[in-house]
Amino acid sequence: MTIHIPVMLNEVIEYLSIIPTGTYVDCTLGEGGHSEAILQKGGKIIGIEQDEEILDIAKTRLIKYKENITFVHDNFKNIKEILVKNSINLVDGILYDLGLSSFHFESKTRGFSFRYDAKLDMRMDTRNKVTAKDLINSLSERELAQIILTYGEEHRANKIAKAIVRERPFTTTFELIKVIEPIISGYKRIHPATKVFQALRIAVNQELEVLNKSLDEAISLLKKGGRVLVISYHSLEDRLIKHKFRSWVKEGWTEIITKHPIRPTLQEVKSNPRARSAKLRVVEKKI
């Protein structure tokens, strides 16, 4: 299993402006790369991770910092409730890295990747009931097309949805890919199934709804001078974040620190190609 390389690690540490003994929430703990760097700077971490398998990896990686990190198996949409349970009122910074973990991408059994023939699952939290298989096999053609168009920004959504309904039921990723490939043949920049898989993953995990709810709560949990950092990887996330940050500015809550999103350096993209689409946006609380 490939170890996840934290995206824009230097930039995250710089923009968090870490205060020794300050408290920071890593809403997407993953395998612990960003949190490890924060802990090394003297910060304390509330690490939230909804995938129990990945959480176990982080616990092993960060065991020497166990006095300064609280591991939480939960969804970051519950950030306020999580802090209340841990008797924390306000924090010094909140980080979201919304990218798919290397653990998920490399998993041969969870159905996130089109490289492996696996069950159509795509749940980040296996306690949730709805899988990609459920959506693919039960939604109407219109509903499927809407998901693929809205969350995948795939303009051939209607054709794909029609083919899915015609050929279903589906059980595995390769069965689904076999139907998608002829419709998107000839487009070689990315795998033909990339946008459909993205759309299904977002729908299964309700990613945009979860992010919106969490951000609404996050701003009230920051100390004055505290910062929210969000790394996004596709336009749907980035658009939501940009509008949310602007609304906070209008309400007088925050100042935008990054007038334009920060992008990874060419050197980083060369060493970690998955960082190529990343965008980092930062706001600081004023009151």
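**View 1. Gln-50 sits in the loop between strand S2 (44–49) and helix H3 (52–61).** Helices (H or I, at least four residues) and strands (E, at least two) are DSSP runs, numbered from the N terminus. This is a predicted model, where local features need pLDDT of at least 70, side-chain atom pairs count only at pLDDT 80 or more, and totals for chains, interfaces and linings use all residues. Residues are numbered from 1 along each chain as its sequence is written, and side-chain values use heavy atoms, with hydrogens and water left out. Is Gln-50 buried or exposed? Gln-50 is buried, with a relative accessible area of 14%; buried means under 20%, exposed over 50% and partly exposed in between (1.4 Å probe, protein chains only). Setting aside neighbours within four places in sequence, Gln-50 is in contact (heavy atoms within 4.5 Å) with His-73, Asp-74, Asn-75, Met-124, Asp-125 and Arg-127.

**View 2. Helices H1 (residues 9–16) and H2 (residues 33–40) pack at an angle of about 45 degrees.** Their axes are 10 Å apart; axes are lines fitted to C-alpha atoms, for helices over the stretch in contact, and angles run from 0 to 180 degrees between N-to-C directions. H1 and H2 are therefore oblique to each other. As for the cut-offs, angles under 35 degrees count as roughly parallel, over 145 as roughly antiparallel, 65 to 115 as roughly perpendicular and the rest as oblique. From H1, the contact uses Leu-9, Val-12, Ile-13 and Leu-16, and from H2 it uses Gly-33, His-34, Ala-37 and Ile-38. Sorted by class, the contact of H1 with H2 has 6 nonpolar, 2 polar and no charged residues. Here Ala, Val, Leu, Ile, Met, Phe, Trp, Tyr, Cys and Pro count as nonpolar, Asp, Glu, Lys and Arg as charged, and the others, Gly among them, as polar.

**View 3. Helices H11 (residues 207–218) and H12 (residues 235–250) pack at an angle of about 20 degrees, with axes 11 Å apart.** That makes H11 roughly parallel to H12. Which residues make the contact? On H11 they are Glu-207, Leu-208, Leu-211, Asn-212, Leu-215 and Asp-216, and on H12 they are Leu-236, Glu-237, Leu-240, Ile-241, Lys-244 and Trp-248. The class tally for H11 with H12 is 7 nonpolar, 1 polar and 4 charged residues.

**View 4. Ser-107 is found in the loop between helix H5 (102–106) and H6.** Ser-107 counts as buried, at 7% relative accessibility. Ala-118 is 11 residues from Ser-107 along the chain, and their C-alpha atoms are separated by 9.0 Å.

**View 5. Asp-134 belongs to helix H6 (residues 132–138).** Asp-134 is partly exposed, with a relative accessible area of 35%. Not counting residues up to four places away in sequence, Asp-134 touches Lys-129 and Leu-139. Val-204 is 70 residues from Asp-134 along the chain, yet their C-alpha atoms are separated by 9.1 Å.

**View 6. Stepping back, the chain has 13 helices and 7 strands.** Its C-alpha atoms fill a box of roughly 55 × 40 × 40 Å, taken along the principal axes. Buried residues make up 54% of the 287 residues. Of the contacts between residues at least 6 apart in sequence, 68% join residues at least 24 apart.
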